[in-house]
Amino acid sequence: MLTREENELLCRVEGDTPMGGLMRRHWIPALLSEQLVESDGAPVRVRLFGEDLVAFRDTDGRIGVLGEFCPHRKASLFFGRNEECGLRCLYHGWKFDVDGKVLEMVSEPAESGFAEKVQHKAYPTEEAGGFIWVYMGPKELMPEFEPPAWAPTPEAKVSIVKIDLPCNWAQIMEGQIDSAHSSSLHSSDMKPARVTTAGTTATHWTRPSTDKNPRIQVQLTNYGFRYAAIRRPIVNAQTHDYIRLTVFVAPFAALIPPNSSYNVATVIVPKDDVSSYFHFIAWGNDDCIDQESWRKFCVAQVGIDLDKTYKPMLRHKANNYLQDRKAMKLGDFTGVPGIPNQDIMMWESMGPIADRTSERLGASDIAIVQFRRVMIDAARKHAAGSEPIGLIEPHIPQAKLRSYQGIVPKSEDWRKLGASSEEVAVLDGMEQDETEAEMAAARG
């Protein structure tokens with residue numbers, strides 16, 4: 001469990017909080033590309049770290065992410081006209097380009113030079129992997145943008161579920177790095193089978209193990225950590241292990257063990273202290289599941305399960321997620337369809353910010369404990385002037401990071417499974433450094 005001060009440090013992201021400051025040093029997956037398809041189309045509201053923004057795609061296809069409220073009289077630019085390479089406030093006609101430069105002030109004398117004296121808040125943007133990204137930290141410290149792990153090449157096919165949720169980012173992220181819960185909460189959707197590897201059907205996933213009590217082992221990295229959930233396989237349990245290896249890429253992403261059809265990732269972005277954007281991603285090659293099929297599989301289709309702003313409109317806390325107790329009696333474990341919906345029911349039941357001061361953690365929570373230690377330590381170090389986690393040298397490009405699942409001989413070293421040659425070299429170096437540090441400490 002955490003102290004109240006530690007829990008606040010982990011969860012709070014608004015204003016000048018240490019965690020918010022750390023996150024702003026990274027490129028942030030702010031909204032989906034599908035939200036801004038049309039040049040000169042409707043602007044979109046975005047909220048990040050308690051800051052209200054508006055995004056638009058201009059006439060030339062460039063993307064702007066600006067402060068929502070016009071610097072003149074603070075009217076919302078969400079209602080503005082997106083026209084001729086700029087966003088025009090309806091109130092007095094001030095017009096801004098994607099960089100926040102004032103292009104026109106029709107309500108002011110041209111000879112006043114007032115337009116040259118005003119610079120509206122605007123953040124740098126990039127587009128990749130199905131997302132529009134923004135950088136909200138000091139511009140002089142802006143890192144080079146790099147492809148995300150779920151889109152290592154421009155040709156990668158990416159399908160994304162997005163859900164806007166009323167709870168803190170950390171309790172959602174903890175769900176992504178908690179392999180033990182899948183054997184219970186998702187047992188009706190992740191079914192044991194006599195298969196050689198995790199697979200998919202039209203209605204559920206299969207996995208080659210009935211073991212609900214995984215042994216958790218963690219490998220720390222300079223970008224987060226990798227951890228293995230080690231289970232008994234259905235076949236050859238005496239000589240082999242079934243290993244599901246998850247990768248936490250601080251601060252926003254977790255790479256979930258793949259199946260035979262596609263890779264899986266999650267991305268959690270804080271809107272503010274008590275709400276978050278949750279993204280569940282399937283990615284792979286041309287035969288990867290398409291976006292609408294993925295959303296249907298997850299029971300998270302826009303216009304059916306979610307409204308056009310990605311908020312749940314069919315199942316939510318107010319109607320108890322339409323939990324079906326009759327279905328539970330007939331064998332469905334949760335009575336709620338869709339892996340994300342089952343998770344959401346748990347996350348929201350913890351409250352807007354989970355109280356971690358009175359938890360009773362067990363052996364299956366080792367990865368959760370490490371996540372908290374890693375992120376609290378990272379926030380403190382960054383606040384004291386250190387480079388943020390994930391940007392520390394030697395840097396491993398995210399496109400080189402992979403999760404893993406498979407049945408392997410018990411003699412296999414899981415720490416190298418799924419790792420690229422570049423990552424293995426760095427991990428070997430880190431292990432050597434840690435060994436030398438431990439020896440130095442032992443010598444006194």
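**Entry 1: ground rules**

I am working with a predicted model, in which local features need pLDDT of at least 70 and side-chain atom pairs count only at pLDDT 80 or more, while totals for chains, interfaces and linings use all residues. Residues are numbered from 1 along each chain as its sequence is written, and side-chain values use heavy atoms, with hydrogens and water left out.

**Entry 2: the whole protein**

I looked up the secondary structure and found eight helices and 22 strands. Helices (H or I, at least four residues) and strands (E, at least two) are DSSP runs, numbered from the N terminus.

Next I checked the overall size. The radius of gyration is 23 Å, which agrees with the value near 22 Å that a compact globule of 444 residues would have. This radius is taken over C-alpha atoms, and the globule rule is 2.2 Å times the number of residues to the power 0.38. Along the principal axes, the C-alpha atoms fill a box of roughly 85 × 65 × 45 Å.

I also noted that 54% of the 444 residues are buried. Buried means under 20% relative accessible area, exposed means over 50%, and partly exposed is in between (1.4 Å probe, protein chains only).

Contacts came next, meaning heavy atoms within 4.5 Å. Of the contacts between residues at least 6 apart in sequence, 62% join residues at least 24 apart.

**Entry 3: the largest cavity**

How many cavities of 30 Å³ or more does the structure hold? I found two. On a 1 Å grid over the protein atoms alone, a cavity is a set of points where a 1.4 Å probe fits but cannot get out; a pocket is an open set with protein on both sides within 12 Å along at least five of seven lines; lining residues have an atom within 4 Å of a point. Grid points are joined across faces, edges and corners, and a volume is the space filled by probe spheres set on the points.

The largest cavity has a volume of about 340 Å³. Its lining has 28 residues, and Ser182, Met190, Trp205, Arg244 and Ile256 lie nearest the centre. I sorted the lining by class and got 13 nonpolar, eleven polar and four charged residues. For the classes, Ala, Val, Leu, Ile, Met, Phe, Trp, Tyr, Cys and Pro count as nonpolar, Asp, Glu, Lys and Arg as charged, and the others, Gly among them, as polar.

Which element gives the largest share of this lining? Helix α6 does, with four residues.

Nine of its eleven residues are buried, among them Ile344, Trp347 and Glu348. The cover over the buried residues includes α3, β15 and α4. Just after α6, Gly351 takes a positive phi of about 95°.

Asn341 is in α6 and is buried, with a relative accessible area of 9%. Leaving aside neighbours within four places in sequence, I found Asn341 in contact with Cys298, Val299, Arg315 and Val336. Asn341 also lines the second largest cavity, together with Val299, Asp305, Leu306, Pro312, Leu314 and Arg315. That cavity holds about 40 Å³ of space.

**Entry 4: the largest pocket**

I then turned to the largest pocket, with about 490 Å³ of space. It is lined by 21 residues, and Gln35, Val44, Arg45, Phe78 and Thr309 are the closest to its centre. Strand β2 (44–48) is one of the elements that supply at least two lining residues, and the largest share, four residues, comes from β2. By class I noted ten nonpolar, two polar and nine charged residues.

Most residues other than glycine have a negative phi, and most peptide bonds are trans. Where did I find exceptions?

- A cis peptide bond joins Ala250 and Pro251, with omega about 0°; Pro251 lies in the loop between β18 and β19.
- Another cis peptide bond joins Glu393 and Pro394, and Pro394 is in the loop between α7 and β22.
- Asn236 is not a glycine, yet has a positive phi of about 60°; at 47% relative accessibility, Asn236 counts as partly exposed.
- Leu322 is not a glycine either and has a positive phi of about 50°; Leu322 sits in the loop between α4 and α5.
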